Amino acid sequence: MYTKQLRIAALAERFPQRAFTSLAHNIDAQWLKTAYLMTRRDGAVGIDGQTADDFANDFEANIQRLLEAAKSGHYRAPPVRRVHIPKGDGRTTRPIGIPTFEDKVLQRAVVALLEPLYEHDFLDGSYGFRPGRSAHQAIKTVWDDLSSMGGGWVIDLDIQAFFDTIDHQHLRAFLQQRVKDGVILRLIGKWLKAGVLDAGQWQKGEVGSPQGGVISPLLANVYLHHVLDEWFEKDVKPRLRGRAFSVRFADDAVLAFSNEADARKVLEVLPKRFARFGLTLHPTKTRLVRFRPHRELRAETFDFLGFTHYWGKSRRGRWIIKQKTAKDRFKRSLRKISLWCRANRHLPLQVQHLHLCRKVQGHFAYYGICNNGRALQVFRFRVIWYWIKWLSRRSQKGWITWEKAGQLLARLPLPRARVVHRWSF
């Protein structure tokens, strides 16, 4: 697979304006086997209940059958199973679509085919679901560029129900600018039209791409590359008076400007631009932030990828941009841990300790950045507090006191708060 991907990437670089008509021939039995190895085995099952082990029971036959169905056009994309997971506020939910395991393997194969082609086209400001790129790189880019500009005016951009409102007609038009292989386009069209099965009721897929599908992130990147990234870079920036940059991670984006008039002009045009492609900006969450340090006026803040960006003083008394865990993410993480401690307080202490250590380490692995040490320490303290709280309710007697809790924590300590990601300007 890797050799073929290199060949596709070289062709994409050599012919930046060409729409490729012959790509599906790269997908063979070995390609599908590699896609199978790249697919999670422990993921949730689709509507057919098939697991990775079920698929592996007759592996060679299943691979050959899947390949022939995809190439001949007889493959029928099953509806995705819809589940609802709670959002950060704890009151609303986010719909997630879970494809069948066979669908995941075939989608992974198509993503591996198109990824090297579009990696040449995607711009540097795009970070979401791309190989070799991460959320922390996007956060660092925002920090670097805003620091070099000395702050500015930031458009905190929020697209309302993006994955559910992607226009299929526009998406096909965007895809056909680079891909005109009938087999690939037919497969993508089937996945878009497959619909969802929600509480036993089938809903036709007329718009949108189910969030949770393997191919959905790539389709979302293609869509927003044309709607936002390319438009901002080629049409907007040449008309601005000052400096500007954009950073996007999937459907989360910030646009920053050194000139206030530029920012207000773009903010006025953005809703019209997105409406042209069937998208809507959130009326209250999309806002213009004056992000500059001021001695008398308190500077505004904005959230991006789980971090609140704000101005603060360094140890030497200089104004610098700092980042801390966003309040909604902080509360959501603690709420999950509290619910886990409540539901599993009957388990042996060593088992609880092992699970909590993993949860705390996972939190530090993402939120452990410079200038966020206090939030990490508070998080660790609150985790300990919830753990002791629910341990004390193992029985009506309240078997654990704070003195015993100290002895327990000395024997089974939780990981210390630590900075994992460091960067400086």
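Q: Contact means heavy atoms within 4.5 Å; which residues does Ile 63 touch by this rule, not counting residues up to four places away in sequence?
A: With those sequence neighbours left out, Ile 63 touches Ala 29, Leu 32, Lys 33 and Phe 55. This is a predicted model, in which local features need pLDDT of at least 70, side-chain atom pairs count only at pLDDT 80 or more, and totals for chains, interfaces and linings use all residues. Residues are numbered from 1 along each chain as its sequence is written, and side-chain values use heavy atoms, with hydrogens and water left out.

Q: Why is Ile 63 called buried?
A: Buried means under 20% relative accessible area, while exposed means over 50% and partly exposed lies in between (1.4 Å probe, protein chains only). Ile 63 has 0% relative accessibility, so the residue counts as buried. Ile 63 is found in helix α4. In space, 41 Å separate the C-alpha atoms of Ile 63 and Arg 329, which are 266 residues apart in sequence.

Q: What makes Thr 100 a buried residue, and where is its place in the chain?
A: Its relative accessibility is 4%, and therefore Thr 100 counts as buried. Its place is in the loop between β2 and α5 (101-119). Leaving aside neighbours within four places in sequence, Thr 100 is in contact with Gly 46, Ile 47, Asp 48 and Pro 78.

Q: How many helices and strands does the chain have, and what counts as one?
A: The secondary structure comes to 14 helices and 11 strands. Helices (H or I, at least four residues) and strands (E, at least two) are DSSP runs, numbered from the N terminus.

Q: Why are α4 and α8 called roughly perpendicular to each other?
A: Axes are lines fitted to C-alpha atoms, for helices over the stretch in contact, and angles run from 0 to 180 degrees between N-to-C directions. Helix α4 (residues 59-72) and helix α8 (residues 182-193) pack at an angle of about 100°, with their axes 8 Å apart. Angles of 65 to 115 degrees count as roughly perpendicular, under 35 as roughly parallel, over 145 as roughly antiparallel and the rest as oblique. The two helices are therefore roughly perpendicular.

Q: Which residues meet where α4 packs against α8, and what classes do they fall into?
A: Ala 70, Lys 71 and Ser 72 in α4 meet Val 183, Arg 186 and Leu 187 in α8. By class, this contact of α4 with α8 has three nonpolar, one polar and two charged residues. Nonpolar covers Ala, Val, Leu, Ile, Met, Phe, Trp, Tyr, Cys and Pro; charged covers Asp, Glu, Lys and Arg; the others, Gly among them, are polar.

Q: How do you know that β1 pairs with β4, and what is the sense of the pairing?
A: Two strands pair if DSSP finds at least two bridges between them. Two bridges join strand β1 (residues 80-86) to strand β4 (residues 196-198), and these strands run parallel. Arg 81 has Leu 197 in β4 as its bridge partner. With strand β2 (residues 93-98), β1 pairs in the antiparallel sense over six bridges, and Ile 85 stands opposite Arg 94 in β2.

Q: What makes β6 and β8 edge strands of their sheet?
A: Their sheet is open, with four strands in the order β6-β7-β3-β8 and antiparallel pairing. β6 (244-249) and β8 (287-291) each pair on one side only. The twist from one strand to the next averages 20°. Strand β3 (residues 152-158) and β8 pair over five bridges in the antiparallel sense, with Gly 152 opposite Phe 291 in β8.

Q: Which helices lie on this sheet, and what angles do they make with its strands?
A: Helix α9 (residues 216-236) packs on the sheet, touching β6 and β7 (252-257), and its direction makes about 170° with that of β6. Helix α10 (residues 260-275) lies across β3, β7 and β8 and runs at about 15° to β3.

Technical notes:
Contact = heavy atoms within 4.5 Å.
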